[in-house]
Amino acid sequence: MDTPSPARSRRGRFTAIALRIARKTLWMLLVLWGITLISFWVIHLAPGSPTDMETTLNPLAGEAARQRLEALYGLDRPLYVQYADWLLRLLHFDFGNSMSADARPVLDKILERLPLTVAMNAVSLALVLLIAIPIGILSACRQNSLLDRGVTVLVFLGFAMPSFWLALLLMLFFGIDLQWLPISGLTSMDYASLSPWGKFRDLASHLALPILVYTVGGLAGMSRYMRACMLEVLRQDYILTAKAKGLPSGLIIRRHALRNALLPVITLLGLSVPGLIGGSVIIESIFALPGLGQLFYTAVMARDYTMIMGNLVLGAVLTLAGNLLADIAYGLADPRIRANGERN
Amino acid sequence: MLPFSIRNMLRGLLGHNLMLSLGLGIVLIMSLAAVCAPLLAPYPPTAQHLDHILEAPSSRFWLGTDRLGRDVFSRLLYGGRVSLWVGFVAVGISISIGTMLGLISGYFRRWVDEAIMRLVDIMLCFPSFFLILAVIAFLEPDLTNIMVVIGLTSWMGVTRLVRAETLSLREREFVAAARLAGSPTRRILLRHILPNALAPVLITATLGVAGAILVESSLSFLGLGVQPPTASWGNMLMEGKTVIESAPWLSVYPGLAILVTVLGYNLLGESLRDLLDPRLRR
């Protein structure tokens, strides 16, 4: 094969990536549709109804009131009609109104909760990467050293540690014994009267423990994975070649090994989104934080169908977006994919 | 710098064999404790000692008592039965589904494979904890529902694994020989291919038990799992959280039990994997 000219190869690379993204997006829309189909059916066929709160649990409301409420929410129609209606509205980004007492649009309620959850996850993800990647590299380069063994022990403990228990222990230690940090809520009582710097400090002190819990949760998996990828790369022939050329080991690790070992980590990041979303339910409920997880928990308890579906769709969209971003990043980072647009 | 002999000793102690024996030991002890809970527990798990409410650990109540004056140690033992039972049944369900779909997918290939793999992709994109939470909340949170739902949302990894094994096994001579000899497909799959793909499945199952125990305790902690008065480690932690300032022991020991048990299954699974995967052995 002859070498393509730089200009042509850049255009080729661009079309290859664009094609890849287009194909991927189409497939993702299909997956999204599949997810809505399964969740809609599962949730609507399960026993209980959003009208339970106002009727069965209320001795003053009779059968007629229940029927009126069901007609109001459109729950008296056949399930496939409800689904088609819901799906059509979804195409206009209309998630419907919440079936809880406030009856506000689902999208509004989700959007006001989203920033907190995303911000907490983003900060902790950044911390995880900052800590786990060096740890993984060190363990792999000194495989079976005392350091490697120690890290392995910590990783196993991290894997086995239930996040909610860690949260309780941290609350007990930092919040109750030392009285350093508040143990619940997002802001203090006097938040409104604080200076901007004071507000920031107040928020930071409330979010320190939740972010710590998120970070510890992600650390074990990421550093273990980084170590495994690094070990795999260090076994390759081109590392041997680099060593044989007499390159300094620092350069070999940075230039030749690390850049290749980071590739699978990108994919792992994309795959970790569903876990983060699930984890937010637990962590937000322990620390009483007004995020997405807490919103979902309340919606489930009230059987707020539209709200639950909205959250499930959003969770799926975030997951798929994570996968897509990982895929694009992978394509940009890996010259083999850049060249022919296909992962081998 | 540590003296050479001590370093060697530490190395030996923290080596694979230690991992395997530690994992196996924890799993055996925890299983035994759960099975023998009625014999080992000093009190029935729901017996209330009303004059000993929220008592700190003592010689009479080894790990203290809870808000209703129940013995925490006895409840921990009985809670272990719940965790173990959920872990095993949920994993049994996910392994059965995963193995079956994986065998079919890898053996028949073509559109069957395509369809099953796409289903796997969809399930992997599910925010599954959300779905588990919703379904459990709707279906009355009881033990059977929890096990079934955890099982139904965690088979995808097994399917991929078994499919990959089947894809390579189906090209081997002994499978061709069985086909030539006229064995029915079902027999080829179950007698010739499955036994050869079993080792990695067992490892996944061991790690799956750990995962299922964690999910069950998270659900119970949120109040959507095993319902009081039945003891489970998760709901003990939930009850303890309300009195975390005055009775911290209620928030410490059940979590420790989860940690140790999950650690045991993880150690066992990982060390088995290392033993079976010659590439990782050094």
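This is a predicted model: local features need pLDDT of at least 70, side-chain atom pairs count only at pLDDT 80 or more; totals for chains, interfaces and linings use all residues.
Me: Which residue with a positive phi follows α6(B)?

Reply: That is B:Glu140, with phi near 65 degrees. A:Ala288 sits in the loop between α10 (273-286) and α11 (292-301) of chain A, while A:Arg303 sits in the loop between α11 and α12 (305-333) of chain A.

Me: Is A:Arg303 buried or exposed?

Reply: The cut-offs come first: buried means under 20% relative accessible area, exposed over 50%, and partly exposed in between (1.4 Å probe, protein chains only). A:Arg303, at 13% relative accessibility, counts as buried. A:Ala288 has a relative accessible area of 35% and is partly exposed.

Me: Where is the cis peptide bond in chain B?

Reply: It joins B:Pro228 and B:Pro229, with omega about 10 degrees. B:Pro229 belongs to the loop between α10 and α11 (233-241) of chain B.

Me: How far does helix α4 of chain B reach from its first C-alpha to its last?

Reply: Helices here are DSSP runs (H or I, at least four residues; strands are E, at least two), numbered from the N terminus. The expected span of a helix is 1.5 Å times one less than its number of residues. Helix α4 of chain B (residues 72-108) has 37 residues and reaches 53 Å, close to the 54 Å expected. Chain B as a whole has 12 helices and 0 strands.

Me: At what angle do α9 and α10 of chain B pack?

Reply: Axes are lines fitted to C-alpha atoms, for helices over the stretch in contact, and angles run from 0 to 180 degrees between N-to-C directions. Angles under 35 degrees count as roughly parallel, over 145 as roughly antiparallel, 65 to 115 as roughly perpendicular and the rest as oblique. Helices α9 (residues 173-180) and α10 (residues 185-221) of chain B pack at about 170 degrees, with axes 11 Å apart. They are therefore roughly antiparallel to each other. With contact meaning heavy atoms within 4.5 Å, B:Phe174, B:Val175, B:Ala178 and B:Arg179 of α9(B) meet B:Ile188, B:His192, B:Ile193 and B:Asn196 of α10(B).

Me: How many residues of helix α6 of chain B are buried?

Reply: In helix α6 (residues 128-138) of chain B, 10 of the 11 residues are buried, so the helix is largely enclosed by the rest of the structure. Among them are B:Phe129, B:Leu131 and B:Ile136. Across the 282 residues of chain B, 50% count as buried.

Me: Which residues does A:Gly136 contact, leaving aside its neighbours within four places in sequence?

Reply: They are A:Ser223, A:Met226 and A:Arg227. A:Gly136 lies in helix α4 (residues 106-141) of chain A and, at 0% relative accessibility, counts as buried.

Notes:
Residues are numbered from 1 along each chain as its sequence is written. Chains are lettered from A and ligands numbered from 1 in the order in which they are written. Side-chain values use heavy atoms; hydrogens and water are left out.
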